[in-house]
Amino acid sequence: MNVLEVESVVKEYRIPGQPPIRVLDGVSFAVASGEHVAVTGRSGAGKTTLLNILGGLDRPTSGSVKCMVNAGFVFQSFRLMPELTVLENVILPSMAGTAASRVVRASDRAKALLDKVGLADRAHHLPAELSGGEQQRVALARALMCEPEIIFADEPTGNLDAMTGAEILKLLMGFGGKPFALVMVTHSAEAAAQCDRTLHLENGRLAPFMV
Ligand SMILES: Nc1ncnc2c1ncn2[C@@H]1O[C@H](COP(=O)(O)OP(=O)(O)OP(=O)(O)O)[C@@H](O)[C@H]1O
Ligand SMILES: [Mg+2]
């Protein structure tokens, strides 16, 4: 079963008075349930643009994206709420229309996730008091909060040292938890090698991946 189907996606950025910039030029692929896909390509190739479109955060100029399941998102720039504590940031996605009794359970789950990413002792800090890599780990805990069946992650190990990166990769691969599909933008060959396949973005299209 596919959890994501991407068909002929084109994305153009239009700046008034200038010719449109075509960043994605007909991208098609599908992701099966539980499948892990790496997206590679040079800086500016359109990886973040593609991921934002896959996650419904941006619209394609043409083409279609069908995501059939609940998704979680790990942003390249974290996008934590600066005025909320680490714990509150992780709980936030589970809060919409929530009864008080569920908030207690959500808080327990958020604490367990913070423990998993090695930040249990930072639960009551503000994001600004954390390093880049720590903020990235909070963003991962937040993405896992609603038990997604697919995670979109934009360079999730980009700010981490090798050992922390390996720990985070384990979590992203669903190690020790409920399995989920993953679309992960990465510059790391090591991270890509842990995925089932790699899609390489070049000149707005998916090129066959060459080692
Ligand atoms: N809102 C925008 N308006 C105009 N151009 C944009 C906009 N957003 C992105 N671009 C351009 O689209 C191209 C792709 O950007 P994108 O952020 O998707 O690259 P990327 O592959 O994620 O790069 P990196 O590896 O550096 O994160 C870049 O040339 C960028 O300048
Ligand atoms: Mg990017």
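The C-alpha centres of domain 1 and domain 2 lie 25 Å apart, in a chain that is divided into domain 1 (2-70 + 147-207) and domain 2 (82-138), with bounds that come from an automatic or database domain assignment. This is a predicted model, in which local features need pLDDT of at least 70 and side-chain atom pairs count only at pLDDT 80 or more, while totals for chains, interfaces and linings use all residues. Residues are numbered from 1 along each chain as its sequence is written, and chains are lettered from A and ligands numbered from 1 in the order in which they are written.

- The contact takes seven residues from domain 1 and seven residues from domain 2, two residues being in contact if their C-beta atoms, placed from the backbone, lie within 7 Å.

**Sheet**
- Six strands form an open sheet of mixed pairing in the order E5-E6-E7-E3-E8-E9, where strands (E, at least two residues) and helices (H or I, at least four) are DSSP runs numbered from the N terminus, and two strands pair if DSSP finds at least two bridges between them.
- Strand E5 (71-74) and strand E9 (205-207) stand at the edges with a single partner strand each, so one side of each is left without a neighbour in the sheet.
- Strand E3 (residues 36-40) pairs in the parallel sense with strand E7 (residues 181-185) over four bridges, and Val-39 stands opposite Val-185 in E7.

**Ligand 1**
- The residues surrounding ligand 1 include Tyr-13, Gly-41, Lys-47, Thr-48 and Gln-76, a residue being near a molecule if its C-beta atom, placed from the backbone, lies within 6 Å of it.
- The largest share of this shell, three residues, comes from H1.
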